[in-house]
Amino acid sequence: MADSGPSGGPALTDPGPEPGSANTGPRVYFQSPPGTPGETPGPGNNPDKDDQVRRPHRPDKIIVKYDRKELRKRLNLDDWILEQLTGLYDCKEEEIPELEIDVDELLDMESDDTRAARVKELLVDCYKPTEAFINDLLDRIRGMQKLTIPLKN
């Protein structure tokens, strides 16, 4: 987390060194959480004020669990799609027309015919034959799982 130090306290930044000093970058200090041994009183460490204002608890880490094997398959598929599209449109990756082949959308469809029709619709402005690309794409997504964001328990 960007605003949390090793001890879990918020990071405090110093505006920087004094003019003429050797160190040129800003310094970062980490404030210990309340109740930590060696803690010194200071702003935010006043027990009277802690009772008045309490911040909601934030976890130190947020972990989203995905199947790594599925993620790797999806990344490989994305790379393959980009490579194929650069060939189909006969251009560099940055010059490919704005289109989005949503694999999750394709996986939601009931049949390969509807998937093929959707991809053909997306590639309507491609002047090269797209049938081989569409067939290869459908072969590659067969058996893949949708990547959904896990819900909080």
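In this predicted model, the second largest pocket is lined by Asp78, Ile81, Leu82, Leu85, Ile96, Pro97, Glu98, Leu99, Glu100, Ile101 and Asp102, and the space inside this pocket comes to about 240 Å³.

A stretch of the chain, residues 82-109, carries the annotation "coiled-coil region" in an unreviewed UniProt entry. In the model this span is 46% helix and 0% strand, with its end C-alpha atoms 22 Å apart.

Two packed helices are described by the angle between their axes and the distance between the axes. The axes of helix α2 (residues 68-88) and helix α5 (residues 131-141) come within 12 Å and cross at roughly 180°; because angles over 145 degrees count as roughly antiparallel, α2 and α5 are roughly antiparallel to each other. Helix α2 brings Leu77, Trp80, Ile81, Gln84, Leu85 and Leu88 to this contact, while helix α5 brings Phe133, Asp136, Leu137, Arg140 and Ile141.

| Group | Nonpolar | Polar | Charged |
|---|---|---|---|
| Contact of α2 with α5 | eight residues | one residue | two residues |

Technical notes:
Residues are numbered from 1 along each chain as its sequence is written. This is a predicted model: local features need pLDDT of at least 70, side-chain atom pairs count only at pLDDT 80 or more; totals for chains, interfaces and linings use all residues. Side-chain values use heavy atoms; hydrogens and water are left out. On a 1 Å grid over the protein atoms alone, a cavity is a set of points where a 1.4 Å probe fits but cannot get out, and a pocket is an open set with protein on both sides within 12 Å along at least five of seven lines; lining residues have an atom within 4 Å of a point. Grid points are joined across faces, edges and corners, and a volume is the space filled by probe spheres set on the points. UniProt positions are given in the numbering used here, feature names are shortened, and annotations may be inferred rather than shown by experiment. Helices (H or I, at least four residues) and strands (E, at least two) are DSSP runs, numbered from the N terminus. Axes are lines fitted to C-alpha atoms, for helices over the stretch in contact, and angles run from 0 to 180 degrees between N-to-C directions. Angles under 35 degrees count as roughly parallel, over 145 as roughly antiparallel, 65 to 115 as roughly perpendicular and the rest as oblique. Contact means heavy atoms within 4.5 Å. Ala, Val, Leu, Ile, Met, Phe, Trp, Tyr, Cys and Pro count as nonpolar, Asp, Glu, Lys and Arg as charged, and the others, Gly among them, as polar.
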